[in-house]
Amino acid sequence: MNDVPPETIRSASRRYYSVRRTFWRFFIGGIFVIICVKELDQILQNRVDSAIRLVISFVLAMAFLACMIVVFVASRRSQRFRCPRCGRKFIPSIGSTWTFSDAQCIRCGLGLERRYLRNGDAEA
Ligand SMILES: [Zn+2]
């Protein structure tokens with residue numbers, strides 16, 4: 001297990017979890033935008049001109065679309081992520097981006113840990 005330098009594992013962990021973090025931030029952001037669309041429309045219903053409401057809805061729809069594009073790209077990036085030890089794909093396929101736990105390479109079992117995101121000097 002110690003054949004990969006700790007610094008390599010550390011930097012791979014940071015890259016991997018940074019992509020995963022981006023995925024979740026924008027996924028939750030997208031849900032938040034949907035909630036805003038619904039709530040704002042109700043709040044503004046009798047107060048604002050329908051044309052303005054349409055513009056606001058359009059802007060929010062574009063924000064939602066942008067979030068989903070980032071989610072898609074981050075998901076693809078995490079699926080294409082290469083293991084620093086064996087050089088093959090780190091996670092199997094669709095679905096793996098959804099887990100919250102620490103990840104292990106499906107080929108060689110090398111583990112990448114979230115803690116490197118917070119503490120760059122942590123040692124195993
Ligand atoms: Zn591996």
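The model is predicted; local features need pLDDT of at least 70, side-chain atom pairs count only at pLDDT 80 or more, and totals for chains, interfaces and linings use all residues. Residues are numbered from 1 along each chain as its sequence is written.

Is I31 buried or exposed? I31 counts as exposed because it has 12 C-beta neighbours inside 10 Å. The cut-offs: buried means 20 or more other C-beta atoms within 10 Å of the residue's own, exposed 12 or fewer, partly exposed in between, with C-beta atoms placed from the backbone. I then checked I31 against M68, 37 residues apart along the chain; their C-alpha atoms are separated by 9.8 Å.

Next, helix α2, residues 50-80. From first C-alpha to last, its 31 residues reach 45 Å, close to the 45 Å expected at 1.5 Å a residue (1.5 Å times one less than the number of residues). I listed its buried residues: C67, V71, A74, S75 and S78. They pack against α1, with contact meaning C-beta atoms, placed from the backbone, within 7 Å.

Then the cores. A nonpolar core is a set of buried Ala, Val, Leu, Ile, Met, Phe, Trp, Tyr and Cys residues joined through C-beta atoms within 7 Å. The largest has 11 residues, including I9, Y16, F81, C83, F90 and C105. Helix α1 (residues 6-44) gives the largest share, four residues. Another core lies apart from it, with six residues, among them F26, V33, V71 and A74.

Last, C105: leaving aside neighbours within four places in sequence, I found C105 in contact with C83, R85, C86, F90 and L110.

Methods:
Helix = DSSP H or I, 4+ residues; strand = E, 2+ residues; numbered from the N terminus. Contact = placed C-beta atoms within 7 Å.
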